[in-house]
Amino acid sequence: TQELTMVMTMLDPATGKDTKAKTVSKYIDDNTRQFTMYMETPGVGNGWMKSMETTSKRQAREGKKPRG
């Protein structure tokens, strides 16, 4: 598994103030990707709250198998 993590500053739509966000892209295998987004929550738990997660799988084209 390979992983790419990015941290950025963005506008919090609830407060109108700047806040930090983190995205994690995981390349699980040749056919599977997972994208997760976190919002900073200072003083709560580990400081990050998961706000979105999606997993994508490559579909086989007609007559072909997915890679891997």
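Which residue lies over the face of Tyr38? In this predicted model, in which local features require pLDDT of at least 70, side-chain atom pairs count only at pLDDT 80 or more, and totals for chains, interfaces and linings use all residues, the residue is Lys22, placed at 5.1 Å from the ring centre. Residues are numbered from 1 along each chain as its sequence is written, and side-chain values use heavy atoms, with hydrogens and water left out. A charge is taken to sit over a ring if NZ of Lys or CZ of Arg is within 6 Å of the ring centre and within 35 degrees of the ring normal.

Strands of a sheet pair through backbone hydrogen bonds, either parallel or antiparallel. Here, an open sheet of four strands is found in the order β1-β2-β3-β4, with antiparallel pairing. From one strand to the next, the twist averages 15° (axes are lines fitted to C-alpha atoms, for helices over the stretch in contact, and angles run from 0 to 180 degrees between N-to-C directions). Strands (E, at least two residues) and helices (H or I, at least four) are DSSP runs numbered from the N terminus, and two strands pair if DSSP finds at least two bridges between them.

Strand β1 (residues 2-11) runs antiparallel to β2 and is joined to it by 10 bridges. Met8 stands opposite Ala21 of β2. The two strands form a hairpin with six residues between them, and Gly16 in the turn has a positive phi of about 75°. Between β2 and strand β3 (residues 32-40), also antiparallel, there are eight bridges. This second hairpin has two residues between its strands. Lys26 has Gln34 as its bridge partner in β3, and Asp29 stands opposite Thr32 in β3.

Thr23, in strand β2 (residues 18-29), is buried, with a relative accessible area of 6%. Buried denotes under 20% relative accessible area, exposed over 50%, and partly exposed the range in between (1.4 Å probe, protein chains only). Leaving aside residues up to four places away in sequence, Thr23 touches Leu4, Thr5, Met6, Met8, Phe35, Thr36 and Met37, where contact means heavy atoms within 4.5 Å. Val7, which lies in strand β1, is exposed, with a relative accessible area of 53%. The C-alpha atoms of Val7 and Val24 are 9.0 Å apart, the two residues being separated by 17 residues along the chain.

Side chains of opposite charge can pair when their charged atoms come close. The structure holds one salt bridge, defined as a side-chain nitrogen of Lys or Arg within 4 Å of a carboxyl oxygen of Asp or Glu. It is formed by Lys50 and Glu53, whose closest N and O atoms are 3.3 Å apart. Lys50 is partly exposed at a relative accessible area of 47%, and Glu53 is partly exposed at 41%.
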